[in-house]
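The tour goes one selection at a time.

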Amino acid sequence: MIRIVKIKEKNSRQTFAIHLAAFLLALCAGGLFILMLGFNPLEIYATIISGAFRSKMAIQATIKIMIPLLIAALGVMLSFKMRFWNIGGEGQIIMGAVFATYFALFHADWPSFILFPVMFIAGLLGGGLWALIPAFFKVKFGTNETLFTLMLNYIALYLVSWLQEGPWRDPSANGFPKIASFGKSAVLPKVFGVQIGWIVALVLVAVLFVYLRYTKQGYEISVVGESQATATYAGMNVQKIVLRTMFLSGAIAGICGMIQATGSDRTLSTGVAGGVGFTAIIVAWLAQLNPISSLVIAFLFSVLEKGSSVIQSTYGLSTDCADVLQGIILFFVLGCEFFIRYKFVRDHKGGGKKC
Amino acid sequence: MAPTDSYAIECRGITKTFGSVVANDHIDLTVRYGEILALLGENGSGKTTLMNMLSGIYHPDSGSIRVAGKEVSISSPEDAMELGIGMIHQHFKLVDVFTASENIAVGTPGKRLPARVMREKVKEISQSIGLEIDPDRRAFEMSVSEKQTVEILKVLYRGQKILILDEPTAVLTPQETDKLFDILRSMRAQGCAIIIITHKLHEVLAISDRVTILRKGKYIDTVETALTDEKKLTELMVGRPISLKIARPDPVGCETILKIVDLSVRKPDGSLAIQDASFEVRTGEILGVAGIAGSGQKELCECIAGLCPAEKGAILFHKENLVGKSPREIIRKGVHLGFVPEDRLGMGLVASMGMVGNMMLKTYDVPKGPFVDPAPARRQAEALVERLEIVTPSVDTPVRLMSGGNVQKVLLGREIESEPQVLVTAYPVRGLDINSSYTVYDLLNEQKQKGVAVVFIGEDLDVLMELSDRIMVMCHGQVTGVVDARTATKDDIALLMVGGGKEAQA
C-alpha cells in the first residue's frame with residue numbers, strides 16, 4: 001500500500017531544484033505529445049525559441065504580448081497576497097479599458113500631455129471601482145469573492161458588446177458593430193519600437209516590490225492574508241485594508257486594460273482582455289506572488305505564445321497545440337508543489353490483518 | 001475472560017519519524033488485561049504518536065506490536081477496531097443530532113439493531129460499570145463529560161477490551177474527573193486493559209497501576225505507581241531533579257486598574273458567552289481565572305482587549321469606559337494592555353513571518369511615513385532571543401517553524417517589551433514543557449513585581465493555586481466567585497467551577 005506522508009519544509013534551493021525538474025519533465029512530456037503528432041520535438045522547441053527572438057520585430061512582438069500579462073499579474077498578486085481570491089482580473093482589465101476609451105473617443109482633441117494622464121487615471125479608476133464592488137460586499141455581507149469577481153467578468157464583457165453595438169458604434173463601419181479606431185492623438189507612443197506600456201510595466205514591478213516589502217500597507221496586506229484574527233489583534237482595520245487593497249489590485253488591472261486598448265489594440269473590443277486576466281493568475285502563482293519573479297514568468301509565457309504562433313505558420317500546427325503545451329507545463333510545475341510538502345512511502349508490511 | 005497473565009498490548013522497539021523529526025525512538029510499552037497504564041510525558045515526548053500507531057492512524061517505521069500475544073500490523077482504524085482497541089481522542093467524534101444509543105450504534109459492523117433493543121443494550125452496559133445514562137439524549141444536549149461517557153460506551157459496546165484515552169481529563173471538572181476514574185476502575189475490574197495519556201502527575205498517582213515515561217520520543221522507564229511519587233516521576237519525565245514549587249512573591253501596590261461591571265458578551269451564534277460579570281483587576285498581583293474550558297474565558301479576554309464587542313456593561317480603566325473601543329483606540333487612550341491570546345499562531349503572531357516581522361505587529365504604525373522600519377524590531381528580536389534564551393536559527397525564521405515553548409516566549413516577550421500596565425494571558429503554558437512553563441511563571445511574577453496587573457487564565461488548578469494571588473472562578477459565563485488563592489482549598493474552587501454547589505452533584 002502506498003501512503004502520503006508530510007515532510008519537513010524544504011529550503012529555497014531544494015524548492016528551486018524541484019521546480020526546475022518539473023519544468024524539464026514538462027518539456028519531456030510535451031515532447032512526447034509533439035512526437036505523437038508526428039513532429040520532431042527538438043525542432044519544434046527550437047522553433048519556438050527562435051520564433052520569439054529571431055528578429056527585432058519578433059522580439060518586439062514578444063514584449064507586446066508580455067506587457068498586459070505582466071501588469072495584470074501584478075494586479076491579481078496584490079489581492080492574492082491578502083488571500084482575497086480575485087479572479088476578476090479579466091473584468092477589471094475591461095473596465096479600465098472602457099473608462100479610458102471614453103476619453104480616447106470623445107476627447108481626442110485634448111493635447112496629449114493632458115489626454116494620456118487622464119486616460120491613465122480613468123483606466124485606473126475603472127478597474128479599481130470594478131474591484132471595489134466585490135470587496136464591499138465581502139466586508140459588509142461576507143459574500144464569496146471568488147464567485148462574485150468571476151461573475152463581474154461577464155458583466156464587463158457584455159457591457160463592451162452593448163457599447164459597440166449601441167452608443168459607441170462606429171458610424172463609418174457600415175453597420176458592422178465595432179468601436180471606431182482611436183485617433184492618433186489617443187494612441188500611446190512607442191519606445192524602441194514597442195508601445196510605452198513596457199516602461200509602465202517595469203515601473204510597476206519596482207513599485208510593487210517596494211510596496212509589498214517595505215511599506216506599512218504592504219505589511220498590513222501580509223498580516224491580513226495570514227490571519228484576520230491576528231490583524232484585528234494588532235489593531236488593524238481589516239475592512240479598510242481589504243477595500244484599499246482590492247481597489248489597488250483592480251486599479252493595476254485597469255491600467256493594463258487602458259494600455260492594451262490605447263497602446264496595442266487602438267480601439268476597444270470584447271477581446272481587449274482576451275483571457276489575460278486568467279493567465280495572469282497562473283503567472284502570479286508560478287511567481288510565488290513575487291513581483292520580480294513574475295517578470296521572468298510573464299516573459300517565458302510570452303515567448304511560448306509568440307513562438308507557437310510561428311509554429312502555426314511554419315508547421316501548420318494549430319495554436320491550440322501551444323495551449324496544450326502550456327497546460328502540460330502548468331500541470332507539472334503546479335503539481336510539483338505536492339512534492340515540496342509530501343512524499344510517497346510504501347508500507348513495508350502490507351495488508352493490515354494479523355501476520 | 002481474557003487471560004490476565006499475558007499482555008494485552010506489547011510494543012517492542014517502536015520507531016516513527018516525521019521528516020527529520022524522530023517522534024518515537026525504540027519505544028517499549030506493555031499493558032495487561034485488568035490493568036491501567038499511565039503514559040506520562042511532556043508535550044512533544046511522543047505519547048500521542050505512539051497511541052496513534054496503536055489505533056491505526058500512523059504506521060510505525062520499525063518495531064513490533066503484539067495484541068493478546070499475536071504479532072499484528074495495524075494499518076487503519078478498522079484494523080484497530082477488529083483487534084479490540086478503542087481510542088478516545090481529545091476531540092470527541094460524535095454525531096451531534098444523534099442520540100446516545102444511535103451514536104453508539106453508528107459505525108458498528110453487523111446488522112443494525114432495532115432502536116428498542118439498542119436502548120436496552122446501552123442501558124445494560126452502562127449499568128454494568130455503574131453509569132447512569134439516558135440513551136435517548138442527543139449529543140448536542142450533552143455536557144462534555146456525558147459525551148466522553150458515550151465514547152467509552154461505544155468502546156464497550158463493540159466488546160473492545162483495550163481502551164486508550166488521550167488526555168481525557170483536560171476538559172473535565174475535578175468532580176467529573178473523579179467520576180471518570182470510577183468508571184475506569186470498574187472497567188479494570190471487568191478485565192479491560194486501559195492506557196491513559198496524561199501529563200498531570202496527581203492523576204497518574206490516583207488512577208494507574210503502572211506508569212510508562214517517555215521523554216523527547218525516547219522510552220525512559222516503566223515503574224509501579226505504588227512505588228513512586230510525584231518527585232520521582234517528574235525527574236524521570238524531565239530528566240533531572242526540578243523544584244515543583246512555583247514562586248509567589250507578595251503583591252505590590254494593589255490598586256484597582258480595571259473595573260469590570262456587569263459585562264455581558266454574546267458569541268457569534270447569539271448565545272451568551274459572559275453574563276453580568278463583575279470583578280476588579282489590580283496592579284501588582286496575579287488574578288487567576290479558573291473554570292472548565294469554554295466557560296467564557298476566551299470572550300472575556302478578547303472583550304478586554306477590544307476584539308469582541310460587549311452586549312452591555314463596562315470595562316473601566318481609571319474611570320474611562322473601554323467597551324466599544326477598537327484595539328487601536330484603546331492604545332491611543334494610553335492604555336498599555338498586553339494580551340497573550342490562546343491561539344498563539346492564529347491570533348497573537350503572524351505564523352509565516354520571522355521574529356522581526358512579529359515584533360513590530362503592534363508598533364509598525366507608530367513611526368511616521370509610509371514605510372515600515374524593521375531596524376528597532378530587529379534589535380528587539382535579537383535582545384529577546386538573548387534574554388529569554390529563544391532557540392531559533394535566525395530572527396527571520398518563520399515562527400511557525402519554532403517549537404511551542406519558543407513561540408510562546410516570542411509572544412509573551414513581545415507583550416512584556418511593550419511595557420504593559422495590564423497583561424492578560426490566556427492559557428500561557430498550554431502545550432509547553434515543564435521548563436518553558438516555569439520560564440513563563442517567572443516572567444509573569446517578574447511583571448507582577450514591577451506593578452503590572454496580570455490576569456492569568458489557566459486550566460491546571462494546582463498551578464492556579466500556587467501562582468495567583470486571587471482566583472476568579474467562572475462557570476457558564478458567570479463569575480461564581482473570587483477567592484484568596486492563599487487560603488482557598490481545591491474543593492472550594494472545584495465547587496465554584498460547577499456553579500457553587502447547586503449542580504455539584506450533577
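The stops below begin with overall confidence and then move to the interface and to parts of chain A.

**Confidence**

This is a predicted model, and its scores are ipTM 0.79 and pTM 0.79. Colour chain B by pLDDT: the average is 85, and 97% of the residues score at least 70. Now select residues 501–506 of chain B, where the pLDDT is below 50. Beyond near neighbours in sequence, this stretch has five contacts in the model. Where pLDDT is low, the predicted coordinates should not be read in detail.

**Where the chains touch**

Show both chains together. How many residues of chain A are in contact with chain B? There are 23 in chain A, and they meet 32 residues of chain B. On the chain A side, select α8 (216–226) and α9 (228–233), the elements that give two or more residues to this contact. Coloured by class, the chain A side that touches chain B has nine nonpolar, seven polar and seven charged residues.

Is A:Leu208 buried or exposed? A:Leu208 counts as buried because 22 other C-beta atoms lie within 10 Å, and the cut-off for buried is 20 or more. Leaving out residues up to four places away in sequence, A:Leu208 touches A:Leu74 and A:Pro291.

**Helix α10**

Next, select residues 238–265 of chain A, which form helix α10. With 28 residues at 1.5 Å a residue, α10 should span 40 Å, so the 39 Å between its end C-alpha atoms agrees. Most of α10(A) is covered, with 21 of its 28 residues buried. Step just past the helix to A:Arg266, which has a positive phi of about 60 degrees.

**The α12 and α13 pair**

Finally, select residues 291–315 (α12) and 319–335 (α13) of chain A. The axes of α12 and α13 come within 8 Å and cross at roughly 145 degrees, and the crossing is right-handed. Which residues of α12(A) meet α13(A)? They are A:Leu304, A:Glu305, A:Ser308, A:Ser309, A:Ile311 and A:Gln312. Facing them in α13(A) are A:Thr319, A:Cys321, A:Ala322, A:Leu325 and A:Gln326. By class, this contact has five nonpolar, five polar and one charged residues.

Note on methods:
Residues numbered from 1 in each chain as written. Chains lettered and ligands numbered in written order. Predicted model: local features only at pLDDT ≥ 70, side-chain atom pairs only at ≥ 80, totals over all residues. Contact = placed C-beta atoms within 7 Å. Helix = DSSP H or I, 4+ residues; strand = E, 2+ residues; numbered from the N terminus. Nonpolar A, V, L, I, M, F, W, Y, C, P; charged D, E, K, R; others polar. pLDDT = per-residue confidence, 0-100. Axes fitted to C-alpha atoms, helices over the stretch in contact; angles between N-to-C directions. Left-handed = near helix turned anticlockwise from the far one by under 90°. Expected span 1.5 Å × (residues − 1). Buried ≥ 20, exposed ≤ 12 C-beta atoms within 10 Å, placed from the backbone.
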